[in-house]
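Please look over the model below before you read my points.

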Amino acid sequence: MSEHLSKQFDSELDSIRAHVTRMGGLVEEQLRGALSAFGESDHELSRLIIERDKGVDELEVAIDTACANIVARRQPTAIDLRMVMAVSKTVTDLERIGDEAKKIAKATRKIIERGNGGCLAQVLQVRHMGEQTASMLHEILDAFVRLDFAAAAHVVRRDKEVDQHFRATVRQLITYMMEDPRTISSALDVIFIAKSIERVGDHCKNIAEDVIYIAKGRDVRHLGLKGLVREMDVP
Amino acid sequence: MDPSRGAISELPIKAEVRNFNFHYGEFHALKDVTMPLCERKVTALIGPSGCGKSTLLRSFNRMHDLYAGNRYGGEIILHPDQTNLLDPRVDPIEVRMRLSMVFQKPNPFPKSIYENVIYGQRVRGVTKRSVLDDKAEEALRAAALWGEVKHRLHDMAFALSGGQQQRLCIARALATDPEVLLFDEPTSALDPIVTASIEELIHQLKEKVTILIVTHNMQQAARVSDFTAYMYLGELIEFGYTEEIFIKPRDKRTEDYITGRFG
Amino acid sequence: MSSSAPSDVALIRAEIRRRKRRDLWFGALGVLALALALLTVVTLFINMLIDGWARLTPEFFTSFPSRRAGQAGILSAWVGSLLVMLVTASVAVPLGVAAGIWLEEYAPKHWLTDIIEININNLAGVPSIIYGLLALGLFVYTFGLGQSIRTAGLTLALLILPMIIVATREAIRGIPQSIREGAYALGATRWQMVRRHILPYSMPGIFTGVIIGMARAIGETAPIITIGALTFIAFLPPAPLVGTPPFVNFEWLSAPFTVMPIQIFNWTSRPEAAFQQNAAAASVILVAMTLMMNGLAIWLRYRLRKNLKW
């Protein structure tokens, strides 16, 4: 993008983009860490993830304040305005992903403390689903930096898979619970973790819609995949 | 990102207005104004027409002394030497040698570009050609005009465009190495692109000199200043960091003005 | 309002034609008045030119007046005019310009300065013979300056002083306040501002005023006669520049003298036709000098104005 007449304005926008990227990186780390703790029953790592969520929250507040400042001081228009508004929403989604990571870590701790390992196959499956969403997050953060709306559309598609995956996992766990009622508590914990991961996927989809908004100026929320693809083809 | 903004009272101050009152004849134009001017920062004065912002600005360099019937009350203290600029024992000429002003409508003298820039040095009695040449180049560079005029320094100033003329006036004001630069609605006569380039220039200038700017364009105050003072009917209603004034002003009157809920 | 019907448009057009006709009438009247005035002046001038044409020779310029019309010339007259103008200018210009500057830039806005302003404007309309009488009483008798070039110069200086003061003030008033404020804001004292801004920028207006004043002074007759210019001078005043140190002498200031208008007056009062011819020739020269001076004023004003764009 070419520069503004005001270098100050440019540096303020760059600063916001840099912080969003940093927040994204932090959240991705949190997510992967929580998944790893879940997979390896790492109590210490879970505790760390829960503590580090504070940093994510602080970043959200700081970025939102910076956005408010830019609107008050610079009266941004067109792509600059869309970016500031979309950043505000993206940051909320990122913070929620961070919260989901925290929830996953908390649930992991409960499972470890309770002691019944079990559900090994499902754990692997859920872990796999988690890796999917972590990679979606990585992909959408990349797309945000490059304003790559094609990659954003791809992320929206992947979320559909994550949703299907989630439903399959739940069916399996229900079957498992029916076979052996002693496993209900841990199975439920795993279902909650799976739900958190599914929500992470949804948040990534929201961020993808924000990227499309910045890049194309089209609000593609609530349109469904077909509607979204249609909107994207309009120049 | 946003450095934690300290309390204003802990920042280095270049000047202080203390209980300043001003009368145009019988009319009480400025009432008990007290505010700081932070060093090497841009402070903006905003407010509706007739609120007294230009009157306050022009008191800093004693321009009101040129016309009969005006009366100053209170003090404007300049740091670090604690001189009261309004003291009748202080020569207005001395004040004007320490504070420079840029006016609303560009007012270059009908002389050459070179003569315009070094005028301030000439009235101080500097005659050595090399000194004047250096000063001229320094000032024109600081005003981002050197590249455009270095080959035609002896052309008449009127040959320049409006934006260039205003930069020339800025260079002229800078050539006297002022401690404070006073801007009286400097871009109201200029188009938006030129305005943006002058705002960018002000941003660069504040690294070296304290700036006080009067503007009737609120958005300009938001873009350009670190501190903003809102004035109404001769009173200072609110003073604070620009972000605070424009995001969460403390006084409802300030908010009404800024949001356009005026009148 | 719906679109006008065709008849409305026709009415409008007829009314416009009526108004334009009145326009033309007034234009024609104006041109007629102008033509009348110009024609009169041009006719008089051409008349004079025809009358005096034969006498416009180099000898005319270099000969003294004589009882023989054919040999009479205007040497003493135009030299006298020149020297008187020199004194007039050197007195009236510095005094007038300084007074104008003081009144505009230094004098406080006071009822007293208002009275002074009104009086100066009035002085410009006082009949010139009054100046002559004043000069007679004051310069010739009280100060004892004699009936000399010095006295004539001073008298005419008094005469054109109000014009120069007014011209100076008008020129200064044309300078925008923003220039003054700009100069003061850079730390200039009042004198610095006057010297570097007020004076240079008001030069065009001042020059014009000076030249127009001089053009008037050169043709003044009544005051000069009153203070006693002689009508028959067959010698020149002592030269101001001499070959021996100190190279300048001022004796010419106290010499008796004559000027162009007086010479013309003298010739016209003689019955001989030849002298009338001389008078016509001298008049042509005088008019030409006046026109040239006015032309110079206009040209100077144009040149100096070019750089002043407010």
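**Notes on a predicted three-chain model**

1. Start with the second largest pocket. Its lining has 25 residues, and those nearest its centre are B:L66, C:E104, C:E105, C:K109 and C:R190. A pocket here is found on a 1 Å grid over the protein atoms alone: it is an open set of points where a 1.4 Å probe fits, with protein on both sides within 12 Å along at least five of seven lines, and a lining residue has an atom within 4 Å of a point. The model is predicted, so local features need pLDDT of at least 70 and side-chain atom pairs count only at pLDDT 80 or more, while totals for chains, interfaces and linings use all residues. Residues are numbered from 1 along each chain as its sequence is written, chains are lettered from A in the order in which they are written, and side-chain values use heavy atoms, without hydrogens or water.

2. How big is the volume of the second largest pocket? It is about 690 Å³. That volume is the space filled by probe spheres set on the grid points, which are joined across faces, edges and corners. Rolling a probe the size of a water molecule over the atoms shows where empty space is left.

3. Which elements line this pocket? Those that supply at least two residues each are α2 of chain B and, from chain C, α3 (75–106), α4 (111–123), α6 (149–173) and α7 (177–185). α3(C) gives the most, with 4 residues. Helices (H or I, at least four residues) and strands (E, at least two) are DSSP runs, numbered from the N terminus. By class, the lining has 11 nonpolar, 3 polar and 11 charged residues. Nonpolar means Ala, Val, Leu, Ile, Met, Phe, Trp, Tyr, Cys and Pro; charged means Asp, Glu, Lys and Arg; the others, Gly among them, are polar.

4. Now the chains. Contact means heavy atoms within 4.5 Å. Here 26 residues of chain B meet 21 residues of chain C. Chains A and C do not touch, and their nearest C-alpha atoms are 29 Å apart.

5. How much area is buried between chain B and chain C? About 2000 Å², with 63% from carbon and sulfur atoms. In chain B, the residues that lose the most area to chain C are B:P110, B:Y119 and B:V123, together 25% of what that side buries. Buried area is the accessible area (1.4 Å probe) that two parts lose on being put together, summed over both.

6. B:R58 pairs with C:E181, and their closest N and O atoms are 2.7 Å apart. A salt bridge is a side-chain nitrogen of Lys or Arg within 4 Å of a carboxyl oxygen of Asp or Glu. On the side of chain B that touches chain C, α2 (92–98), β6 (99–102), α4 (119–123) and α7 (162–174) of chain B give two or more residues each. α4(B) gives the most, with 4 residues. That side divides into 16 nonpolar, 4 polar and 6 charged residues.

7. The area buried between chain A and chain B is about 1300 Å², and carbon and sulfur atoms give 55% of it. A:L5, A:N69 and A:R73 supply 46% of the area that chain A buries against chain B, more than any other three residues. One of these, A:R73, meets B:E243 in a salt bridge (2.9 Å, N to O). On the side of chain A that touches chain B, α1 (7–40) and α2 (43–74) of chain A each supply at least two residues. The largest share, 9 residues, comes from α2(A). By class, this side has 6 nonpolar, 7 polar and 3 charged residues.

8. Check one salt bridge within a chain. The search finds 46 salt bridges over all chains. A:K103 and A:E100 form one of them, with the closest N and O atoms 3.3 Å apart. Both residues lie in helix α3 (residues 78–114) of chain A, 3 residues apart, about one turn of the helix.

9. Finish with the backbone of chain B. Most residues other than glycine have a negative phi, and most peptide bonds are trans. B:D32 is not a glycine, yet has a positive phi of about 50 degrees. B:D32 lies in strand β2 (residues 27–38) of chain B. A cis peptide bond joins B:H79 and B:P80, with omega about 0 degrees. B:P80 sits in the loop between β4 (70–78) and β5 (83–84) of chain B.
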